Amino acid sequence: MNKKIKSLNLREKDPFLAREKQRYAHPLPSREWVIELLEKKGVPQKIETLARELSITDDEYEFFERRLKAMARDGQVLINRRGAVCVAEKLALVKCRVEAHKDGFGFAVPLEASSGGDFVLYEHQMRGVMHGDIVTVRPAGIDRRGRREGTVLDIVERRQSKVVGRFYIERGVAILEAEDKRLVQSIVLEPESVAEFKPESGQVVVAEIDTYPEHHRPAVARITEVLGNYADSGMEIEIAVRKHHLPHRFSEACTAAAKKIPAAVRKSDLKGRVDLRDLPLVTIDGETARDFDDAVYAEKQGRNYRLVVAIADVSHYVRPNDAIDIDALERSTSVYFPRRVIPMLPENLSNGICSLNPDVERLCMVCDMIVTYAGNVKEYKFYPAVMRSHARLTYNQVWAWLSDGADNPHKTQLETLYKLFKVLQKKRFRRGAVEFESVETQMLFDDNGKIKKIVPVVRNDAHKLIEECMLAANVCAADFLLKNKHPALFRNHLGPTPEKLATLREQLGLLGLNLGGGDNPTPKDYAGLAAQFTGRPDAELLQVMLLRSMQQAVYQPANEGHFGLAYEAYAHFTSPIRRYPDLTVHRAIKAVLQGKKYTSEKSWQALGVHTSFCERRADDAGRDVENWLKTYYMRDKVGEVFSGKISGMTTFGIFVTLDDIHIDGLVHISDLGEDYFNFRPEIMAIEGERSGIRFNMGDRVTVKVTRADLDTSKIDLTLISGGKAGRKRRKNKAEKVAETVPEKSVRGKKAAVKQKAVKAKTAKAKPKAQQAAKKTARGKSVKIKVKTKNAPHKGRNKAKA
């Protein structure tokens, strides 16, 4: 009886009991209290023991068990194979996401910020896990290459529930060959589902995994959908969506909630908003844009400028944790494919009430700035407003007006915007922001969905004008949140790591270039180097080298600055229709203006990790579709001859960008000519051993298309003409020795040893042969016996003579 009273008292001592009572009618012990009790016990506890200690009734036991499993999913505890609950921190466990490699190994990427970096997982550890799985990892030391090793203790969450791939039958067994090459495990298909759907060999199917791989046992899945033939129109997008697990259907709750949102601004929505309906704000976007996030206006105020950037007020319609917000968070970004967009928000929001369409009232959040003649933001303020876009303009239209000086209804304002842009651009150059010019392309399709042609997209000053306005507003947003000490997601872009910097300096040194700044180069040092190689034929490759030396831009709650743009603080504020971090920044700014605090359902750190991952996922999916479409386009070009420019090289060949169509293909190193060619990274060239013919970055070549492989999205070329004749390279001592003993490569070590012995015996015989020759000259005959069993026939005759 005393024990029972003690248990009840223990449950009542929960310091978070009041909070739990507010959330639940019948509250369970809080997570914090469970962890505290486990720490006090000092040893892992069985679930039954914990339940008894905390007076969990039979009716509550199932829900208590669910709470513990939820804590395990979140990495707070580990439930081991014996069913005992352990505190994760006691075991030094790290919750990670598995990123598999097509060659069988993988990495465990910590979900929370970790100074130690990723864990390497070897092939034997990857047998039971799949790409994307959430696991708990225990550190296991450092390998020979200096990488952290990890041991997977438990699979917290399986992320691969459905797999898209090609259907085949091998030796009577139906298998699925996954489109995602990182899924290296075999997947066997259930015979019942094969009989039900009757797919043809090679068709694309979607299968749901029933049993996951374990040790040497393959995964088992059942077909749920047959998408069709691999080359069908639009199939590349259907594959990419499923391969990268992009949410592409809104939930029923989200769709229902979106329908309830009015199609026009109501009078009640105007309360507390500044009226900007008469201000001639305009949108400037691409010709094909359908959702308009931003509108701009500028006017001269003495020597300074007033810049107004109005951004769609999505946060007014999408409230935290409602049905639309849940779907938006899951997507985190809109995904743009050729001919198709998967939006973050339902269409009636993204293209309707939230979009700043012309001549209609729209709600917006405004960043109102005063910019000095030197390009500094002297002051700024944020406020909610109502606006009416006075025009929907395009980049090409605006640039034509500005460059020609032609009359137009918005001439005065556009010219003021352009003058302000010049001021901001000068400030950008003084700041030392890294700026690379690259050729972007656009695919134009015919009525059948086939690529008609690929054209370059030329970035004019109208593009750059809007970009500078958006950058100014984003910097103000970051500054506003930091000054008011409100948590938010910042867009961080760090400079090079010491390892990447050392590699970059080594590569630049071989090319006769130098990066200033010592161990801590600044963006200005990078910009100065970029100015040095402008106009060089290998400028594109050098740009890639500089970009790869920097770290990837991510969303994080702690401000680390933006290296590439040379900003001390930067946050995304200007695209809440298509980026979830921007939506959270709007909510945070509104909370500050109202004297409140916005808290995310997820931790800010977890939110940053999730949104950064979704951004990379969208980029990967878009790249897959673009590469597939280009390969499909080139199928009709097999056998045709093109001129092009060498845009990359590696140990196995050169990459050539074809003129006019802007597509890359590979000329294998064995197809460069009748010679042995070697990649010489010290001079960034491929050179023939005997001919001295050299291929340099930027060289012009003529090639023929030999293959366009849809399975790998790769285009193979053969060289017709190109390469520059050069001097035959002098061989160093090692190369000469290698040529004199080719037997080492032909017959192996044993043959080489035998030949060495033969040469030694022949050398010993030489003085005797000379002595015999002298005696013969005096009229004497001398017989000399030399053992030359392995000597060439010609050598034996000489010895006998």
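Which residues of α7 are buried? The legends below take up this question and then turn to other parts of this predicted model.

**View 1. Helix α7 is largely enclosed by the rest of the structure.** The helix covers residues 235–243. Its buried residues are Met235, Glu236, Ile237, Ile239, Ala240, Val241, Arg242 and Lys243. That is 8 of its 9 residues, so α7 counts as largely enclosed. What covers them includes the elements β9 (162–170), β12 (204–211) and β13 (219–228). Also among the covering elements are β18 (335–337), β19 (340–342) and α18. Just after α7 comes His245, with a positive phi of about 55 degrees.

**View 2. The largest nonpolar core has 68 residues.** Six of them touch the most other members: Phe337, Phe533, Met634, Ile654, Leu672 and Phe695. Helix α18, residues 604–634, gives the most to this core, with 7 residues. A second, separate core has 47 residues. Its members include Ile311, Met369, Leu414 and Phe480. In soluble globular proteins, nonpolar side chains tend to be buried together.

**View 3. Ile654 touches residues from several places along the chain.**

**View 4. Ala685 is a buried residue in strand β31.** The strand spans residues 685–688. Ala685 has 0% relative accessibility, and the cut-off for buried is under 20%, so Ala685 counts as buried. Which residues does Ala685 touch, not counting those up to four places away in sequence? They are Met649, Asn678, Phe679, Arg680, Arg694, Phe695 and Asn696. Ile654 lies 31 residues from Ala685 along the chain. The C-alpha atoms of these two are separated by 9.4 Å.

**View 5. Helices α14 and α16 cross at roughly 160 degrees.** Helix α14 spans residues 498–510, and helix α16 spans residues 539–549. Their axes come within 9 Å. The crossing angle makes α14 roughly antiparallel to α16, because angles over 145 degrees count that way. The crossing is left-handed. From α14, the contact uses Lys500, Leu504, Gln507 and Leu508. From α16 come Leu542, Met545, Leu546, Arg548 and Ser549. By class, this contact has 5 nonpolar, 2 polar and 2 charged residues.

Methods:
Residues numbered from 1 in each chain as written. Predicted model: local features only at pLDDT ≥ 70, side-chain atom pairs only at ≥ 80, totals over all residues. Heavy atoms only, no water. Core = buried A, V, L, I, M, F, W, Y, C linked by side-chain atoms within 4.5 Å. Buried < 20%, exposed > 50% of the residue type's maximum accessible area, 1.4 Å probe, protein only. Helix = DSSP H or I, 4+ residues; strand = E, 2+ residues; numbered from the N terminus. Contact = heavy atoms within 4.5 Å. Axes fitted to C-alpha atoms, helices over the stretch in contact; angles between N-to-C directions. Parallel < 35°, antiparallel > 145°, perpendicular 65-115°, else oblique. Left-handed = near helix turned anticlockwise from the far one by under 90°. Nonpolar A, V, L, I, M, F, W, Y, C, P; charged D, E, K, R; others polar.
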